[in-house]
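Please examine the model shown below, with its sequence alongside. The paragraphs that follow lead through selected features of its chains.

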Amino acid sequence: MFASYDIDIAWDEMFTADGQPRPHYLPLYERLTNLSAEELYRRQQAADAAFLYQGITFAVYGHGDGTEKIFPYDLIPRIIPAAEWSVIERGLTQRITALNMFLRDVYHEGRILADNVVPRELVYSCAYYRREMRGVRVPRDVYIAIVGTDLVRDADGRFLVLEDNLRVPSGVSYMLVNRQVMKRTFPMLFEGYNVRPIEHYGQALLETLRALDPMQRPDPTIVLLTPGIYNSAYFEHTFLARQMGVQLVEGRDLLVHDNRVYMRTTAGLQRVDVIYRRLDDDFLDPLAFRPDSALGVAGLFNAYRAGNVGLANAIGTGIADDKAIYAYVPRIIRYYLGEDPILPNVETYLACNEADRRYILDNLDKLVIKAVGESGGYGMLVGPHSTREQREEFRRRILAAPRNYIAQPTIMLSRAACFVDGRVEPRHVDLRPYILYGEKIVIVPGGLTRVALRRGSLVVNSSQGGGSKDTWVLND
Amino acid sequence: MLSRVADSLFWMARYLERAEHTARLLDVHLHSALDLTPTAAERRWRRLLLALHSQPPAAGVTPYAITQALTFDMSNSDSIAACITAARDNARQVRERISSEMWEQVNRLYLHVRHTSMDEMWSGEPHLFFRSVKEGVHLFQGITDATLSHDEGWWFIQIGRYLERAMATATLLDVHFCPLEGSDAEMLDYFEWVALLKSCTAFEAYCKVYTASIRPEDVAEFLLLNAEFPRSIRFAADMIQEAAQSIGRSSIRRATARVERLAGRLRAVLDYGQVDEIMTDMHTFLMSIRRMCIQVHDEIYRAYISYPADEALKGEGAL
């Protein structure tokens, strides 16, 4: 089963450098070696059928035909021991606390800008900066209630933060469904492991949203605002609405009257207190932002500013996950908390700094180049895997708009055992834990482990042929 | 409940009912056309198209072309595949509102129909395919009854289903009892009345009431006025009224009174109808049934789904 499993310079989740299973993987390893490839294949088929029949699918953009695909699922779980998890948990709590303080500061006093810790022009030139949010008080001063931070592991096994997704992070439904499917198709793998449960995520999310009711009523009306069935994450929207027992609404179900938000029900209009919106800032309110948006609600921003409705996340949080601001997050943590970052950043070069830019252009073949405002693996150049034409194209783009590009060394993402083509082989993975911030910060022990299913590929995004696997955080 | 959700539940049910109706009619037709002369068969196919409000396909009035157009043609919005796709789209819209089991069943049915090709079906046993569609819809209805709370949303499903059934059955009776002037004007024979009953899965139930002697006025009485048979128009009207009342009870809106009045009138016409009187001008009677169904439909939309927002804000105050 493990015959073709090779260990290279990347950190291997399952094996040490000399090929011994790590202690927390040992029971799983032994169980897998006792299974035949046919047996694994049969269970893989059963899992795939479960995804297809439940319609757990996403839409791939740019394919026009609106095809729905299942998100490829790998049978072999990724295991995180308690000690590693506790570092991740503390590191994320620290980081989210600081980023939230940064957002509050930038939209109010701007101390960090006055003290020249983060360059003013970098913030104001960010595409996600929302001038309209200046001086707007948000409930509990919580801007980023729902976050999904991307972590990677370098060749030494250290966890690094790759991206802070502070706008509308997705994927948490896959974390939950992967666990469900895992329990159904492979219950025996759980034996002897003390895996921490994640099934309370829906409840925790609901508590977080309740905390954002500006009126703090005992039983606020909460809704989840979706762009609709053509959105790639529509399955997730329906899933979360059901987990929480709240209404799933579209923009056309809501209306604003007298700065109050209502939804249209069969029994008349009903007041809405908190909106978990899965819609980008731009599309939220055609009166305040993009006038051509048919997905949003006219007047929503004014209702929000008047303090009559809570929004998760707040508007304008995208500045803090701009990839150029990202480079400053360690400084942001030190500035507000006076602590060293527990989880380090990936080293980052900003094309808008002249010295960095020269370095980037000289090393296009070694670096990963990213557009600052893009996500999902779009607008990205992986230097070592690029062609000469692609590099020239990026050179032109960087010179034309330096503020829009950053570069990072190619990180050898760690590798985890995956069941591919009838064999167990290593594939590169990352980890996206989900952080909730309402009354306090809550992190459900787990996350979405995304897998680059193509051999050697470092791109794990679902839109680029990535898959996922169940992620186990162990109790001590 | 969100108005949009009510709208989706209503149409989900209507589209599934329509798909099942079409599957049933095609199944009966393909079977009974086997013992017919070519001209008689063509006449019957044309009648089937009329019963389903469909245009003859461009490829000609052949069994293959008509079956293709009514079963798999996605450009024909009334084909079985198009109806099931539309039902699934509506179910997707309200996926968090219906039970997981309901969603899985409509999704399975959709995958089954979309993954079957015309040639594969035609060269195999078409009967098995149509049966699988009918059973798929019946299973969905059973799952709905067993897994969804019988609340307002469930009643919107019922009212959609029975409105569709009442109107489709009225059209079907119309093309059988009121042949057009000219070509189609001769009397229907015994086998055609049997085919009509079978098209409503009513043959066995009819025989239990009237024995196997088939008389047109008995057929009309059974399919129009029988209180117990679930595919009769009267049964549908009873269900429509019950659904209208149940929905009205869960709403505080005043506009609901009109829906209940219209549904009550439809029911009264059928509850107190006399088949001999109806038979004197069957066509007019059936058209008035269809018109009343459309009025109920429109009034449901005005009361619960597309009411003007400012009226709701000013007139009654919001919740």
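In what order do the three strands of the open sheet in chain A lie? The order is E9-E10-E11, with antiparallel pairing; strands are DSSP runs of E with at least two residues, helices are DSSP runs of H or I with at least four, and both are numbered from the N terminus. Two strands count as paired if DSSP finds at least two bridges between them. This is a predicted model, in which local features need pLDDT of at least 70 and side-chain atom pairs count only at pLDDT 80 or more, while totals for chains, interfaces and linings use all residues. Residues are numbered from 1 along each chain as its sequence is written, and chains are lettered from A and ligands numbered from 1 in the order in which they are written.

Strand E9 (254-257) and strand E11 (268-271) of chain A are the edge strands; each has a single partner strand, so one side of each is left without a neighbour in the sheet. From one strand to the next, the twist averages 40°. Strand E10 (residues 260-265) of chain A is joined to E11(A) by four bridges, and these two strands run antiparallel. One of the pairings involves A:Arg264, whose bridge partner in E11(A) is A:Leu269. Two residues lie between E10(A) and E11(A), which form a hairpin.

Elsewhere in chain A, the loop between strand E6 (159-163) and helix H6 (172-185) holds A:Asn165. Is this residue buried or exposed? A:Asn165 is buried, because 23 other C-beta atoms lie within 10 Å; the term buried requires 20 or more other C-beta atoms within 10 Å of the residue's own, with C-beta atoms placed from the backbone. A:Asn165 and A:Thr149 are 16 residues apart in sequence, and their C-alpha atoms are 5.6 Å apart.

In chain B, helix H2 (residues 38-51) packs with helix H8 (residues 152-177) at an angle of about 145°, their axes being 9 Å apart. Axes are lines fitted to C-alpha atoms, for helices over the stretch in contact, and angles run from 0 to 180 degrees between N-to-C directions. On the H2(B) side, B:Arg47, B:Leu50 and B:Ala51 meet B:Thr171, B:Leu172 and B:Val175 of H8(B); contact requires C-beta atoms, placed from the backbone, to lie within 7 Å.

The two chains also touch, in a contact that takes 26 residues from chain B and 25 residues from chain A. On the chain B side, helix H1 (3-32), helix H4 (80-93), helix H5 (100-114) and helix H16 (309-316) each supply at least two residues.

Terms used
A residue is buried if 20 or more other C-beta atoms lie within 10 Å of its own, exposed if 12 or fewer, and partly exposed in between; C-beta atoms are placed from the backbone.
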